[in-house]
Amino acid sequence: MSAEPMSTNAPGEPGAAATVPAPAAGTQPPGRAAAARGSGRAKGPRGSGNGALNAFSHAFLILWVVMAAGPLVWVALTAFRPTADYLGDPMGLPTSLHWENFVRAWTEAKIGRYAFNSLVILAGSLTGTMLLGSMAAYVIARFTFPGNRFVFLLFAGGMMFPVILALIPLFTIMDNMSLLDTRPGLIIAYIAYSLPFTTFFLTSFFRTLPTGVQEAAMIDGASHTRTFFQVMLPMAKPGLVSIGIFNFLGQWNQYLLPLLLNNQDENSYVLPQGLAALTVSQGYAGDWGALFAGLTLAMVPVLVVYAVFQRQVQVGLTAGALK
């Protein structure tokens with residue numbers, strides 16, 4: 001005989017407890033059971049599909065890393081091997097570290113001299129590119145004047161113009177201005193080469209910056225120059241770092257313009273020119289250790305710069321989309 005719940009109040013009195021039947025053993029409430037069935041249906045095919053997609057994406061990324069980083073790792077490891085081991089086992093690993101390969105590359109192959117020339121030219125060209133590009137982008141993005149759109153399209157069109165088509169006119173202009181085989185001439189050519197993309201990129205970035213800060217600075221009496229250098233440029237730091245890294249990589253690895261404009265004195269070669277000359281000379285001499293050591297030394301600055309500013313590059317590339 002089952003016991004029933006009892007109430008201390010009469011049925012007609014307020015506060016009488018309603019009798020609720022208890023669920024049978026082994027059963028769930030209807031709402032919980034429906035939720036469980038719904039979650040089970042949601043987890044099935046979708047979970048397996050996401051797992052297959054994640055496995056495919058991870059496999060693709062691993063393959064991409066091997067294809068991109070594999071040759072660099074091989075060059076770095078080969079730089080420590082003696083020259084006599086290359087012909088017998090080109091893909092072998094170094095059994096000992098031969099640092100003399102780097103010494104010969106730095107001194108005898110003049111990699112140190114070429115790297116110094118590249119740094120001097122890059123200091124002038126990168127500074128000029130960032131300064132002129134940011135000023136042009138600021139004016140195009142923040143001011144309205146007749147021909148604004150046309151000027152912006154001129155810079156955008158400069159990115160679509162192949163530099164190889166301008167080699168002969170560029171050589172003639174540099175020759176008439178007595179800038180051939182000079183560092184200032186090469187700096188000016190680098191700036192002209194990088195300015196279109198720099199202006200195009202920074203114009204889009206300056207448009208995402210808040211207008212109220214600029215207006216507040218102007219109301220407080222700041223001039224256009226002070227507003228640009230002290231207010232807008234610090235706000236545009238992520239974009240400046242990103243485009244600065246791209247310009248550094250492009251100008252550091254530039255070979256065609258130095259080959260055309262700086263080809264008389266071997267001591268004035270930049271690093272890509274020096275590596276090309278090293279490939280020819282060391283290849284005939286059979287000094288493969290110094291050759292791969294020189295290639296490794298040329299890769300180190302690029303890897304260091306990207307490793308240091310990796311986060312800033314990512315922030316600069318996504319800032320415009322997030323805003």
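Setting aside neighbours within four places in sequence, Thr199 is in contact (heavy atoms within 4.5 Å) with Gly133, Ala136, Ala137, Ile140 and Phe155. Thr199 sits in helix α7, residues 183-207; helices here are DSSP runs of H or I with at least four residues, numbered from the N terminus. With a relative accessible area of 0%, Thr199 is buried, where buried means under 20% with a 1.4 Å probe and protein chains only. The model is a predicted one, so local features need pLDDT of at least 70 and side-chain atom pairs count only at pLDDT 80 or more, while totals for chains, interfaces and linings use all residues. Residues are numbered from 1 along each chain as its sequence is written, and side-chain values use heavy atoms, with hydrogens and water left out.

Thr296 is another buried threonine, at 10% relative accessibility, and belongs to helix α13 (residues 288-308). Not counting residues up to four places away in sequence, Thr296 touches Val75, Ala76, Ala79 and Phe102. Of these, Ala76 lies 220 residues from Thr296 in sequence, yet the C-alpha to C-alpha separation is 5.6 Å.

Ser118, Leu122, Tyr190, Gln251, Trp252 and Val270 line the largest cavity, each lining residue having an atom within 4 Å of a point. Helices α4 (111-142) and α10 (237-252) are the elements giving two or more residues to this lining.

Terms used:
Buried < 20%, exposed > 50% of the residue type's maximum accessible area, 1.4 Å probe, protein only. 1 Å grid on protein atoms, 1.4 Å probe; cavity = no way out; pocket = protein on both sides within 12 Å on 5 of 7 lines; lining within 4 Å.
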